[in-house]
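Biologist: Please take a close look at the aromatic ring pairs in this model. I would like one connected account.

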Amino acid sequence: MSLQTEPAWDVESVRRDFPMLERQIRGRAIAYLDNAATALKPAPVLQAMAEYYETYSANVARGVHLASQEATSRFEAVREQVARWIGAADPAEVVFTSGTTSALNLVAQSFGGSRLGSGDEIVISEMEHHSNIVPWHLVAERIGATIRRLPITEAGTIDPAQARLVIGPRTRIIAICHVSNVLGTIVPVREIARIAREHGAVTVVDGAQAVPHLDVDVTELGADFYAFSGHKLFGPTGIGVLYGRRDLLEAMPPWQGGGGMIASVEIERSTYAPPPARFEAGTPPIAEAIGLGAAVAYVSQWDRRAARAHEDRLVNLATARLEAIPGVRCHGPRSDRTGLVTFTVDGIHPHDVGTALDAIGVAVRAGHHCAQPLMARLGVTATVRASFAPYNTEADVDALIAGVERARVLFGVR
Amino acid sequence: MSELDDLYQTLILEHNRSPRNFRDLAHPTGRAEGRNPLCGDAFAVSVRVADGAITDIGFSGQGCAISKASASMMTTAVRGKTLAEARELFNRFHGVVTGKPVGDDAERASVRRVLGCLSAFSGVAAFPIRVKCATLAWHALLAALANAQARDQNSEASSGGVAAGPRNHDEGDDAVR
C-alpha cells in the first residue's frame with residue numbers, strides 16, 4: 001500500500017461536466033460502472049460536435065469554399081493533436097478509422113494480407129479481445145498462416161520470458177493488448193515489442209483500454225501499430241485511431257477503395273494516395289474526429305496522475321469489499337492493473353448478478369466480454385466486470401456491493 | 001427492488017435450483033441446441049414425439065437462472081401437448097416476456113390460464129435484455145420438434161442414433177465491444 005500523498009481529485013467538479021450522470025435508472029441515481037464498454041461524454045465534447053454541425057458543417061479535403069476549408073483544417077488539426085498526444089513522430093502516422101476494431105482489421109488485411117505467407121506465424125495472447133483475434137483468423141485462413149497462442153501467467157499478465165518461448169523465426173506478427181479489458185492488466189508492451197523486433201516481427205497493440213487511463217507514447221513503447229477508440233476516451237462513437245510506423249504504412253496496399261484515397265483514376269486502373277489518406281476512403285467521420293479532438297483536449301487538462309490515483313483507489317476499494325463477501329472471487333492481478341475489477345459469485349450466474357445490479361441503477365457488464373479464450377483459460381463461461389472512470393465515486397462502490405449482496409440474498413446463497 | 005422480485009419470483013428461483021427433466025433423452029426423436037453468444041448460456045433440448053404429441057422431453061446444459069428455470073418449466077408445460085399446442089404455448093410465452101399488451105381483463109385471464117405457472121416470467125418484460133435468456137430453450141424446443149418432424153418424414157425405418165439439431169442462434173448476435 002503506497003504511503004505517498006494522493007494528489008487531490010475534485011470528483012464532484014468532474015461529475016458536473018457529464019450530463020448523463022443526471023440520469024435516473026429505475027428511480028435511482030445511476031452508478032455507471034461500464035466504462036470499459038464505453039465512457040460517458042463531457043459537455044465540451046458534445047458542444048464541439050454540435051459546433052461543427054451548426055457552424056462549419058462541410059466536407060473535408062480542400063473544398064473551394066470557406067466552410068469546407070475550416071472543416072478540413074479543424075479535422076487535420078485533430079490528426080496533429082492526436083499524433084502529439086500519443087508520441088507519434090509524424091501526423092501521417094495517424095489514420096482515422098471507425099474504431100479499434102476497424103483499425104485492427106485494417107492492419108490484418110492490408111499489412112497482414114500483403115506481408116504474410118503460408119507457414120508464417122501470428123502470435124496472439126490468450127487474453128486478447130476478439131477484435132485482436134478474429135481479424136487474424138480471417139487473414140490466416142486466406143493465406144495459410146499459423147496462429148500461435150501466447151499464454152498468460154497465473155497472475156493474469158504476459159511474461160516476456162514466455163513470449164520468448166513462443167516467438168520464433170517464423171513469427172511475423174504479435175497481437176497483444178496494452179491493458180486487458182477483462183483483467184485490467186497493464187501488459188509489458190515495451191519488453192514484448194523488443195523481443196518481437198529481435199525476431200523481425202511486428203507488434204500490433206490493442207490500446208482501447210489503455211488510453212483512457214495511461215499516458216501512452218507509442219515511440220517509447222516501440223509499438224509498430226497501436227489502435228484505440230474515441231468512445232472509450234470520453235469521445236463519440238464511430239471514430240478510432242490506427243497509429244502505424246511510417247515505413248510500414250507506406251508499404252501497405254489500400255484497404256478500402258474509393259474517393260479520398262486515390263492519386264489518379266482512369267476507368268481501367270487507379271493509383272493511390274500516400275498514407276494516411278490511402279487508408280481513409282470516403283467521407284470520414286468528421287464530427288466524430290472533432291469530438292475526439294475535444295475529448296483529448298478535455299482529458300489533457302486533467303492532472304491524469306490524480307485521475308488515475310482516484311480510479312485506482314476505487315478499484316482497490318471495490319476489490320477488497322467484493323472479496324470480503326463469501327463466495328465472491330476477483331480475477332486478475334492486484335497490481336500493475338488499471339480501471340476495472342472482474343469477479344464471479346458462487347452459485348449465481350453473472351447475468352443474474354448483472355440484473356440484480358441493474359435493478360438498483362448499477363451498470364456493469366456480464367458475459368464473456370468478447371474474450372472467450374480468456375474465459376476458457378480462467379475456467380469460467382462468464383464473469384461480471386465493474387469498470388471505473390474519474391467521475392465514479394465511493395457511493396458507486398457502495399451500490400455495487402449492495403447489489404451483489406442483494407443477489408446473494410435473493411438466490412439464497414448466504 | 002420490486003422489479004427484481006417480479007423477475008425472480010419464487011417459482012423461478014426454485015426451478016433454477018432444482019430443474020425438472022434435467023437430462024438428455026436416450027433415444028430422442030428430435031434434438032437441438034440453443035446457445036446465447038452474448039453470455040454463454042447453452043442448452044440442448046431432446047424430445048420424443050409420437051402420434052403428433054410430445055411424450056417425453058429433457059434438457060441439459062448450463063446458463064443463468066432465467067434460462068434454466070424457463071427450460072425447466074417449459075419441459076413440464078409441454079409434456080403431453082401436441083406440436084401445435086406447444087407452438088401456441090411458445091407464442092403466448094413470447095408475448096408475455098416481451099410485454100406485449102394484452103387486450104382486456106378477460107384476455108389477460110385467458111393467457112394466464114393457458115400459460116399456467118409460465119406466467120411467472122412476466123417480470124422479464126421489465127428487463128428486455130433477458131428476453132433471450134427466457135426464450136432460449138423454447139427456440140431449441142421448436143428446432144427439436146422440427147427435427148422430429150423431418151426425421152419422421154424422411155425415413156420410417158431409420159436405425160438408431162439421432163443427428164444433433166442445428167445450432168439455433170436466437171434473434172441475432174449482438175456482441176459488442
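**Aromatic ring pairs**

Modeller: Phe93(B) and Trp138(B) are both buried (buried means under 20% relative accessible area, exposed over 50%, partly exposed in between, with a 1.4 Å probe and protein chains only). The model is predicted, so local features need pLDDT of at least 70 and side-chain atom pairs count only at pLDDT 80 or more, while totals for chains, interfaces and linings use all residues. Residues are numbered from 1 along each chain as its sequence is written, chains are lettered from A and ligands numbered from 1 in the order in which they are written, and side-chain values use heavy atoms, leaving out hydrogens and water.

A pair of aromatic rings is described by the distance of the centres and the angle of the planes. Rings of Phe, Tyr and Trp (its six-membered ring) pair if their centres lie within 6.5 Å; planes under 30 degrees apart count as stacked, over 60 as edge-to-face and the rest as tilted. This rule gives 18 aromatic pairs over all chains. Phe18(A) and Phe234(A) make an edge-to-face pair, 6.1 Å centre to centre with 70° between the planes. Phe18(A) lies in the loop between helix H1 (11-15) and strand S1 (24-25) of chain A, and Phe234(A) in the loop between strand S9 (225-229) and strand S10 (240-244) of chain A, so the pair ties together parts 216 residues apart in sequence. Helices (H or I, at least four residues) and strands (E, at least two) are DSSP runs, numbered from the N terminus. Both Phe18(A) and Phe234(A) are buried.

In chain B, Phe93(B) and Trp138(B) form a stacked pair, 4.9 Å centre to centre with 20° between the planes. This pair links distant parts of the chain, 45 residues apart: Phe93(B) is in helix H4 (residues 83-97) and Trp138(B) in helix H6 (residues 131-154) of chain B.
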